[in-house]
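Subject: Structure handover

Hello,

Here is the structure you asked to look at. Please open it first, then read my notes below.

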Amino acid sequence: MRMSALLVPTLKEDPADAEVMSHRLLLRAGMIRKLTSGIYSYLPLGYRSLRKVEQIVREEMDAAGAQEVLLPMVQPGELWKESGRWDLYGLELLRFKDRHERECCLGPTHEEVITDLVRREVRSYKELPLNLYQIQTKFRDEIRPRFGLMRGREFLMKDAYSFDATEKGAEDSYQIMKEAYGKIFRRCSLRFAIVEADSGPIGGSFSHEFMVLADTGEDVIVSCNSCDYAANLEKAQTKAPPGNKGVSGSSMERVSTPGVKTVEDVADFLGVRQEDIIKTLIFLTEKGPVAVLTRGDHDVNEIKVKNFLNIVSLEFADAGLVEQVTGGPKGFSGPLGLSGLPMLADHSVGVMTSAVVGANKLDMHLTGVNPGSDIKVDHYGDFRCVVEGDPCPRCDGILGLSRGIEVGHIFKLGVKYSEAMNARFLDRDGVETPMIMGCYGIGVSRIVAAAIEQNHDGDGIVFPPPIAPFQVIVAPVGGKDPVIDEVAERVYSNLWEAGIDTLLDDRDERPGFKFKDADLLGIPVRITIGKKAWSQGQVELRNRRTRETSLVAEADVVETVKRVLKGWGTESIS
């Protein structure tokens, strides 16, 4: 490919609406362009990277025994009603009616469609196990699409679905996919972590996320410094603190706290630590209001609360509801006197003594509260977010926090969909049995963005070679010298013939202009052909990642490039 014939509309300045580095650089490098909110067009270079990721995914899925299919993006609402998700999935599911007034949706995922397909075609245990996958556009109507390809409404995804006859078979299928995912991210030369995760609206008994490690990641990874425990913040467990429920301490006292509502302000006003305060948060669920208690310096983990209560909706109560259930204004809620209201409390609350709580009355708090004797808690459990330095739930180690970008998620679904949609088979004894399912997703377009978040510098993208739009760029800088141009053509042809994806910058531009574009585009290796080096029969080779340059004889270019590309390297934690 020649640069002069390529559509690469690079930008000198960062676009004003680009919030994260990958978004800025993809736009500046002319790889994507915004069509409308959360929806992007892929230009030639961006699409080349996308196709390379897609090919790696396809090769590893095929090697793992999965079979590729292509399912419709438009899905009938009746299937979603059959599974029970039509009303539960939320506003991200874009619903519409066709000309016959039949309810439909744009597919954010394909559990219903694949289950319907398999239940019609598979009858016997002899046809199992089965793993089907597709690489296809998905649509989720995000309320706040942002960060370019990181959280768009329309995106390219690989989703696979396994069907097994036994629990053991389902676990084997899950493990095969887990290993295949590791191979995919290693082949993409990405540093990643495998973490335990919550299953969310997909459902299932357990799941793992694959996180590309990046300081700019929007997800928090919790990992132990002593064992292999790792989870995302939603799933990460805390260990119950040692000790009995707090029943001793000073006596309860009502104190005036005029205009003091927040934990920080209460601590300052009363001269206590934030960890000596009990927060009483009132939530509204589809089953009614509920109170959740945490220590003042901790945050409620809403996912844990939802999973414990087996609910779908959990929202902070508004001021009116707070006053209705507590008898006092928002900002002064406390756990005493809340009759008829289910109350959950984090383990850490149970061992507190002489705590400060809201008095359910304007400008009033209570001090000297002892949860073990003063508060009627319905259930103590793990209801908070992990913080740096917490003890590991699996060993005696300490938990640390880092950041990452979710690019893959695998689920053991069990019989959630096969039971609801009657996807059954005849087992060895001729008994009708629900298939045991697994679900495995990879954000193909998100991988491109995540790779940039992990690999960039002040000059632009630093693409890993396997997913770079081109692996090498040849830049003649001889001022249209026919000898230099002839050498460039020769080097370019030799690299292509050796199977190395190469771009020839044949534009009539200054050397600095070409170099800046090469760096911005993130092409791993730049070969500069200039008069000075060529007078010695050499060309200059520059490694985009290390910025190291070396002079190489023309005859050695291909082997030197292969060595540089092969030595790029990667590592993972899992």
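Start with Asn 422, which sits in the loop between helix H11 (416-420) and strand S22 (424-426). Its phi is positive, at about 60 degrees, although Asn 422 is not a glycine. Asn 422 is partly exposed, with a relative accessible area of 49%. Keep in mind that this is a predicted model.

Lys 480 is another residue to look at. Lys 480 also has a positive phi of about 60 degrees, and it is not a glycine. Look for Lys 480 in the loop between strand S27 (472-476) and helix H13 (482-497). Its relative accessible area is 47%, so Lys 480 counts as partly exposed.

One more loop deserves a stop. Pro 129 lies between helix H4 (111-121) and strand S7 (130-139). The peptide bond that leads from Leu 128 into Pro 129 is cis. Its omega is near 5 degrees.

Now the whole chain.

- The chain has 574 residues, and 53% of them count as buried.
- Its secondary structure comes to 16 helices and 31 strands.
- The C-alpha trace spans about 90 × 70 × 50 Å along its principal axes.
- Take the contacts with a separation of 6 or more: residues 24 or more positions apart account for 70% of them.

Next, a pair of helices. Two packed helices are described by the angle between their axes and the distance between the axes. Here the pair is helix H2 (residues 44-63) and helix H5 (residues 167-187). Their axes come within 9 Å. They cross at roughly 150 degrees. How do H2 and H5 run, roughly parallel or roughly antiparallel to each other? An angle over 145 degrees counts as roughly antiparallel, so H2 and H5 are roughly antiparallel. The crossing of H2 and H5 is right-handed.

Which residues meet there? From H2 come Ile 56, Val 57, Glu 59, Glu 60 and Met 61. From H5 come Met 177, Ala 180, Tyr 181, Lys 183, Ile 184 and Arg 187. By class, this contact of H2 with H5 has seven nonpolar residues, four charged residues and no polar ones.

Leu 43 counts as buried, at 11% relative accessibility. What does Leu 43 touch, leaving aside its neighbours within four places in sequence? It is in contact with Leu 7, Pro 9, Gly 30, Met 31, Ile 32 and Arg 33. Leu 94 is 51 residues away from Leu 43 in sequence. In space, the two are 26 Å apart, C-alpha to C-alpha.

Helix H12 (residues 444-454) is mostly covered. How many of its residues are buried? The count is 11 of 11. Among the buried residues of H12 are Val 444, Ile 447, Val 448 and Ile 452. The list also includes Arg 446 and Glu 453. Ser 445 and Gln 454 are on it too.

Then go to Ala 533, in helix H15 (residues 531-534). Ala 533 is buried, with a relative accessible area of 17%. Not counting residues up to four places away in sequence, Ala 533 touches Gln 538, Val 539 and Leu 551. Ala 533 and Val 472 are 61 residues apart in sequence. Their C-alpha atoms are 19 Å apart in space.

Last, the cysteines. A disulfide is a covalent bond between the sulfur atoms of two cysteines. How many disulfides does a search of the whole structure find? It finds zero. The cut-off for a disulfide is 2.5 Å. Cys 105 is in no disulfide either, with the sulfur of Cys 104 as its nearest at 7.5 Å. Both cysteines are buried: Cys 104 has 9% relative accessibility, and Cys 105 has a relative accessible area of 0%.

Best wishes

Technical notes
Residues are numbered from 1 along each chain as its sequence is written. This is a predicted model: local features need pLDDT of at least 70, side-chain atom pairs count only at pLDDT 80 or more; totals for chains, interfaces and linings use all residues. Side-chain values use heavy atoms; hydrogens and water are left out. Axes are lines fitted to C-alpha atoms, for helices over the stretch in contact, and angles run from 0 to 180 degrees between N-to-C directions. Helices (H or I, at least four residues) and strands (E, at least two) are DSSP runs, numbered from the N terminus. Angles under 35 degrees count as roughly parallel, over 145 as roughly antiparallel, 65 to 115 as roughly perpendicular and the rest as oblique. A crossing is left-handed if the near helix is turned anticlockwise from the far one by less than a right angle, and right-handed if clockwise. Contact means heavy atoms within 4.5 Å. Ala, Val, Leu, Ile, Met, Phe, Trp, Tyr, Cys and Pro count as nonpolar, Asp, Glu, Lys and Arg as charged, and the others, Gly among them, as polar. Buried means under 20% relative accessible area, exposed over 50%, partly exposed in between (1.4 Å probe, protein chains only).
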